[in-house]
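Biologist: I would like to learn how to read a model with two chains. Could we go through the features one by one?

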There are 2 protein chains.
Amino acid sequence: MEENRQGLLIVLSGPSGAGKGTLCKELMHNLPTLQYSVSATTRDPRPGETEGKDYFFVSREKFTELIRQNQLLEHAEFCGNFYGTPQAPVQHAITQGKDVILEIEIRGAEQIRRKFPQAVFIFIVPPSLEELRARITKRGTETEEKIRQRLDKASDELHYVSEYDYVVVNDQVETAVEKLKAIITAEKCKVKRRLVQF
Amino acid sequence: MEENRQGLLIVLSGPSGAGKGTLCKELMHNLPTLQYSVSATTRDPRPGETEGKDYFFVSREKFTELIRQNQLLEHAEFCGNFYGTPQAPVQHAITQGKDVILEIEIRGAEQIRRKFPQAVFIFIVPPSLEELRARITKRGTETEEKIRQRLDKASDELHYVSEYDYVVVNDQVETAVEKLKAIITAEKCKVKRRLVQF
């Protein structure tokens, strides 16, 4: 049987503090063929950051042009800088049969869902709000007020789970990564994703 | 997060000769918590067969009553005997949070799809028709004419793949079993299968 060689776009999202960054890194370590989607940004490179690996560093004018030309799968502004996901590299990789992974905030995931509904949307959640509080508190970098705000935000964000295909509880990194790997394997077996030809 | 404790009904089907029986056994060996759905039949027990383990052996009258009372997920007649899948044990196991596996012919799977659309439908296929021919020929028990008939039938049956959720190519048993396990893990992560509660 001929397999469909189209790659998957895997979108990891979820409330902040759920640990999606760690899972993404660990998953890529486990599946070296996964291609990480590099974001474009208008912010300046930090020491050690490499163009095309960490980010595509572009001017504000260039970024505005990318938006206008509909070349971004999603974009957002944080602290006065723009961040976005260029569509062309993602599309190119997928057409070549490569799987692409994207770790992104909930709002960005919503934009991608509209432009690329065939992506696999996975919502990462902490085991509980208590655990999330413990994780944030442990960092020791935030005031009680900030912690409360972050917990409120996370609590709100949890409601977005219903818009996702899968939910993975990040209780233990290894277990969660195994689930992510299983989801990717299963998605590749989906009939609707394959050109079945004998 | 509270998980939904409802079990899955996993339906393995596909053309005869694809090796779904072998995969089913191997999968159950790998996942001992999987519960095998025991069929009811009107045929006589063979030496070594145990009531309630291999089959539920019932009279023709009892079987007709089960059909009339809508207590079978599917049923069919082969060589003058009835075979069917009792709904109650499947429903009971699933409500208890146990996953149930069912290995069944394509026609039976169609009946189950109508009665139990929330089941996970997996289509097992041989790597190619050439390989299927090799497997059938290797058994050495069939005439050239019979082999041709079986291949024609399998070739027709392959078209049913489009009605399934997943397709797994049975090229190597270990690889195929890994895919089946991944599908089960992924299905348990599906948002629509979970009562998400924080």
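Predicted model: local features only at pLDDT ≥ 70, side-chain atom pairs only at ≥ 80, totals over all residues.

Biologist: What does the secondary structure of chain A come to?

Modeller: Chain A has 7 helices and 9 strands.

Biologist: What share of the residues in chain A is buried?

Modeller: A residue counts as buried if 20 or more other C-beta atoms lie within 10 Å of its own. In chain A, 35% of the 198 residues are buried.

Biologist: What share of the contacts in chain A joins residues 24 or more positions apart?

Modeller: Here one looks at positions along the chain. Taking contacts with a separation of 6 or more, 69% in chain A are between residues 24 or more positions apart.

Biologist: Now the pair. Which rotation superposes chain A on chain B?

Modeller: A rotation of 180° does it, with 0.0 Å of shift along the axis and an RMSD of 0.0 Å. The two copies are thus related as by a two-fold rotation axis. The residue of chain A that comes closest to this axis is A:Ala182, with its C-alpha at 2.1 Å.

Biologist: How many residues of chain A are in contact with chain B?

Modeller: There is more than one way to describe an interface. Its size is often given as the accessible area lost when the parts come together. Here we count residues instead: 25 of chain A are in contact with 25 of chain B. Strand S9 (166–169) and helix H7 (173–189) of chain A are the elements that give two or more residues to the side of chain A touching chain B. H7(A) provides the largest share, 6 residues. By class, that side has 18 nonpolar, 3 polar and 4 charged residues.

Biologist: Why can one say that the copies meet through the same surface?

Modeller: Because 100% of the interface residues of chain A are also interface residues in chain B.

Biologist: Next, helices. At what angle do helix H1 and H7(A) of chain A pack?

Modeller: Two helices can be described by the angle and the distance between their axes. Helix H1 (residues 20–30) of chain A packs on H7(A) at about 65°, with the axes 10 Å apart. Their crossing is right-handed. Among the residues in this contact are A:Leu23 and A:Leu27 of H1(A), with A:Val177 and A:Leu180 of H7(A). The contact divides into 6 nonpolar, 2 polar and 2 charged residues.

Biologist: At what angle do the axes of helix H5 and helix H6 of chain A cross?

Modeller: Helix H5 (residues 129–139) and helix H6 (residues 144–157) of chain A cross at roughly 145°, and their axes come within 10 Å. This crossing is right-handed. The contact includes A:Leu132 and A:Ile136 of H5(A), and A:Ile147 and A:Leu151 of H6(A). By class it has 6 nonpolar, 2 polar and 2 charged residues.

Biologist: And at what angle do helix H5 and helix H6 of chain B pack?

Modeller: They pack at about 145°, with their axes 10 Å apart. H5(B) passes H6(B) in a right-handed crossing.

How values were computed. Residues numbered from 1 in each chain as written. Chains lettered and ligands numbered in written order. Least-squares fit on C-alpha atoms with pLDDT ≥ 70 in both. Contact = placed C-beta atoms within 7 Å. Helix = DSSP H or I, 4+ residues; strand = E, 2+ residues; numbered from the N terminus. Buried ≥ 20, exposed ≤ 12 C-beta atoms within 10 Å, placed from the backbone. Nonpolar A, V, L, I, M, F, W, Y, C, P; charged D, E, K, R; others polar. Axes fitted to C-alpha atoms, helices over the stretch in contact; angles between N-to-C directions. Left-handed = near helix turned anticlockwise from the far one by under 90°.
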